[in-house]
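Subject: Structure handover

Hello,

I am passing on the structure we talked about, with some notes to read beside it. Please keep it open while you go through them.

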Amino acid sequence: MALITCPECGKEISDKSEKCIHCGFPIMKENICLINGREQDLTFLIEEKYDFFECVKLFNSITGSCFETSCKIVDNIMETKQIPPTLNVKTKEEYLREKNQVHCPRCNSTNIGVTNRGYSLLTGFIGSGKAMNTCKKCGYKWNPSK
(Lines give C-alpha, C1' and ligand atoms only; values in the text may rest on other atoms or scores of the structure.)
Protein backbone atom coordinates (compact mmCIF):
# COMPACT_ATOMS: atom_id res chain seq x y z
CA MET A 1 0.00 0.00 0.00
CA ALA A 2 1.37 3.39 -1.00
CA LEU A 3 0.47 6.91 -0.01
CA ILE A 4 -0.76 9.42 -2.56
CA THR A 5 -1.64 13.10 -2.22
CA CYS A 6 -5.29 14.14 -2.30
CA PRO A 7 -5.81 16.54 -5.25
CA GLU A 8 -8.32 18.59 -3.20
CA CYS A 9 -6.78 19.08 0.28
CA GLY A 10 -3.17 18.01 -0.38
CA LYS A 11 -3.00 15.54 2.53
CA GLU A 12 -1.61 12.03 2.20
CA ILE A 13 -4.06 9.14 1.82
CA SER A 14 -3.90 5.47 0.86
CA ASP A 15 -3.83 4.64 -2.84
CA LYS A 16 -6.50 1.97 -2.13
CA SER A 17 -9.11 4.41 -0.77
CA GLU A 18 -12.00 5.51 -2.97
CA LYS A 19 -12.29 8.94 -1.32
CA CYS A 20 -10.11 11.19 0.84
CA ILE A 21 -10.49 10.41 4.55
CA HIS A 22 -9.84 14.09 5.37
CA CYS A 23 -12.11 15.99 2.97
CA GLY A 24 -14.22 13.27 1.26
CA PHE A 25 -12.98 14.11 -2.26
CA PRO A 26 -13.54 11.10 -4.58
CA ILE A 27 -10.32 9.60 -5.93
CA MET A 28 -10.67 8.75 -9.62
CA LYS A 29 -9.10 5.56 -10.87
CA GLU A 30 -8.71 6.43 -14.54
CA ASN A 31 -6.51 3.66 -15.89
CA ILE A 32 -8.02 0.75 -13.98
CA CYS A 33 -9.21 -2.23 -16.00
CA LEU A 34 -11.11 -5.23 -14.66
CA ILE A 35 -9.10 -8.19 -16.03
CA ASN A 36 -10.70 -11.57 -15.38
CA GLY A 37 -12.50 -10.13 -12.34
CA ARG A 38 -9.46 -8.38 -10.80
CA GLU A 39 -8.72 -4.65 -10.92
CA GLN A 40 -5.38 -3.86 -12.60
CA ASP A 41 -3.70 -0.52 -13.26
CA LEU A 42 -2.70 -0.40 -16.94
CA THR A 43 -1.20 3.10 -16.95
CA PHE A 44 2.10 1.75 -18.26
CA LEU A 45 0.40 0.93 -21.59
CA ILE A 46 -0.49 4.52 -22.40
CA GLU A 47 2.62 6.17 -20.99
CA GLU A 48 5.52 6.37 -23.39
CA LYS A 49 8.29 5.35 -21.02
CA TYR A 50 8.14 1.65 -22.05
CA ASP A 51 8.60 0.19 -25.50
CA PHE A 52 6.16 -2.33 -27.00
CA PHE A 53 7.94 -5.50 -25.87
CA GLU A 54 8.39 -4.25 -22.29
CA CYS A 55 4.64 -3.52 -22.20
CA VAL A 56 3.85 -7.00 -23.52
CA LYS A 57 6.13 -8.53 -20.88
CA LEU A 58 4.47 -6.53 -18.08
CA PHE A 59 0.99 -7.37 -19.40
CA ASN A 60 1.94 -11.08 -19.51
CA SER A 61 3.12 -10.96 -15.90
CA ILE A 62 -0.24 -9.48 -14.86
CA THR A 63 -2.55 -11.73 -16.90
CA GLY A 64 -0.59 -14.93 -17.52
CA SER A 65 -1.79 -14.89 -21.12
CA CYS A 66 0.06 -16.19 -24.15
CA PHE A 67 2.39 -13.94 -26.15
CA GLU A 68 0.14 -13.76 -29.22
CA THR A 69 -2.91 -12.60 -27.25
CA SER A 70 -0.90 -10.10 -25.21
CA CYS A 71 0.61 -8.57 -28.36
CA LYS A 72 -2.84 -7.97 -29.88
CA ILE A 73 -4.28 -6.39 -26.72
CA VAL A 74 -1.23 -4.24 -25.95
CA ASP A 75 -0.97 -3.07 -29.57
CA ASN A 76 -4.63 -2.03 -29.57
CA ILE A 77 -4.38 -0.13 -26.27
CA MET A 78 -1.10 1.60 -27.20
CA GLU A 79 -2.52 2.61 -30.59
CA THR A 80 -5.84 4.02 -29.32
CA LYS A 81 -4.45 5.31 -25.96
CA GLN A 82 -7.68 4.05 -24.34
CA ILE A 83 -7.86 1.39 -21.66
CA PRO A 84 -11.07 -0.67 -21.81
CA PRO A 85 -13.07 -0.96 -18.58
CA THR A 86 -13.06 -4.79 -18.69
CA LEU A 87 -11.02 -7.51 -20.40
CA ASN A 88 -11.48 -11.26 -20.41
CA VAL A 89 -8.10 -12.74 -21.21
CA LYS A 90 -7.37 -16.44 -21.52
CA THR A 91 -4.38 -17.70 -19.59
CA LYS A 92 -1.65 -19.58 -21.41
CA GLU A 93 -2.93 -22.92 -20.03
CA GLU A 94 -6.49 -22.23 -21.23
CA TYR A 95 -5.20 -21.20 -24.64
CA LEU A 96 -3.10 -24.37 -25.01
CA ARG A 97 -5.95 -26.61 -23.83
CA GLU A 98 -8.30 -24.96 -26.31
CA LYS A 99 -5.77 -25.32 -29.08
CA ASN A 100 -5.25 -28.98 -28.03
CA GLN A 101 -1.53 -28.66 -28.49
CA VAL A 102 1.05 -30.76 -26.70
CA HIS A 103 2.95 -28.73 -24.12
CA CYS A 104 5.47 -29.42 -21.39
CA PRO A 105 3.82 -30.10 -18.02
CA ARG A 106 6.72 -28.35 -16.25
CA CYS A 107 7.32 -25.12 -18.22
CA ASN A 108 4.33 -25.03 -20.68
CA SER A 109 6.66 -24.79 -23.68
CA THR A 110 5.29 -26.14 -26.96
CA ASN A 111 8.76 -26.96 -28.30
CA ILE A 112 8.44 -30.75 -27.84
CA GLY A 113 10.36 -33.59 -29.43
CA VAL A 114 9.82 -37.35 -29.35
CA THR A 115 12.78 -39.59 -28.49
CA ASN A 116 13.34 -43.22 -27.62
CA ARG A 117 13.87 -44.01 -23.99
CA GLY A 118 17.32 -45.54 -24.45
CA TYR A 119 18.96 -48.17 -22.28
CA SER A 120 20.51 -48.16 -18.85
CA LEU A 121 23.09 -50.25 -17.01
CA LEU A 122 20.46 -51.54 -14.59
CA THR A 123 17.66 -52.55 -16.98
CA GLY A 124 19.65 -52.98 -20.18
CA PHE A 125 17.50 -52.77 -23.28
CA ILE A 126 14.17 -53.44 -21.51
CA GLY A 127 11.83 -50.65 -22.54
CA SER A 128 14.44 -48.98 -24.73
CA GLY A 129 12.10 -48.78 -27.71
CA LYS A 130 9.47 -46.82 -25.79
CA ALA A 131 8.76 -43.31 -27.09
CA MET A 132 9.17 -40.39 -24.67
CA ASN A 133 8.16 -36.76 -25.08
CA THR A 134 11.05 -34.41 -24.37
CA CYS A 135 10.79 -30.67 -23.79
CA LYS A 136 13.47 -28.91 -25.82
CA LYS A 137 13.33 -25.89 -23.50
CA CYS A 138 13.77 -27.42 -20.03
CA GLY A 139 14.73 -31.04 -20.87
CA TYR A 140 11.81 -32.64 -18.97
CA LYS A 141 10.81 -36.11 -20.22
CA TRP A 142 7.42 -37.76 -19.84
CA ASN A 143 5.37 -40.63 -21.21
CA PRO A 144 3.19 -39.50 -24.17
CA SER A 145 0.19 -41.56 -22.98
CA LYS A 146 -0.09 -39.52 -19.76
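Which residue of strand 4 does Ile 32 stand opposite? The residue across from Ile 32 is Asp 41. Please keep in mind that this is a predicted model.

The first sheet

Strand 3 covers residues 32–35, and its pairing with strand 4 is antiparallel, with 4 bridges. Both strands belong to an open sheet of 3 strands, in the order 4-3-5 and with mixed pairing. Strand 4 (38–41) and strand 5 are the edge strands, as each of them pairs on one side only.

Helix 2

Helix 2 runs over residues 67–80. Its 14 residues should span 20 Å at 1.5 Å a residue, and the C-alpha atoms at its ends are 20 Å apart, so the two values agree. Its buried residues are Ser 70, Cys 71, Ile 73, Val 74 and Ile 77. An α-helix has 3.6 residues a turn, so residues three or four places apart point the same way. The list of buried residues, including Ser 70, Val 74 and Ile 77, can be read with that in mind. These buried residues pack against helix 1 (52–63) and also against strand 5 (86–87). After helix 2 comes Lys 81, with a positive phi near 60 degrees.

Strand 7 takes in residues 131–135 and is mostly covered, with 4 of its 5 residues buried. Strand 7 has antiparallel pairing with strand 6 (residues 112–116), through 5 bridges. One of the bridge pairs is Asn 116 with Ala 131 of strand 7. Strand 7 also runs antiparallel to strand 8 (residues 141–142), and 2 bridges join them. Here Asn 133 has Trp 142 of strand 8 as its bridge partner. Strands 7 and 8 form a hairpin with 5 residues between the strands, and Gly 139 in this hairpin has a positive phi near 85 degrees.

Ser 109

Ser 109 sits in the loop between helix 3 (92–99) and strand 6. Is Ser 109 buried or exposed? Its relative accessibility is 10%, and buried means under 20%, so Ser 109 counts as buried. A polar atom of the Ser 109 side chain lies 3.1 Å from the backbone nitrogen of Asn 111. Apart from neighbours within four places in sequence, Ser 109 is in contact with Val 102, His 103, Cys 104, Cys 135 and Lys 137. Of these, Cys 135 is a contact of Ser 109 that falls in strand 7 (residues 131–135).

Regards

How values were computed: Residues numbered from 1 in each chain as written. Predicted model: local features only at pLDDT ≥ 70, side-chain atom pairs only at ≥ 80, totals over all residues. Heavy atoms only, no water. Expected span 1.5 Å × (residues − 1). Buried < 20%, exposed > 50% of the residue type's maximum accessible area, 1.4 Å probe, protein only. Contact = heavy atoms within 4.5 Å. Pairing = 2+ DSSP bridges. Polar contact = N/O pair within 3.5 Å; in protein donor to acceptor, adjacent residues only side chain to side chain.
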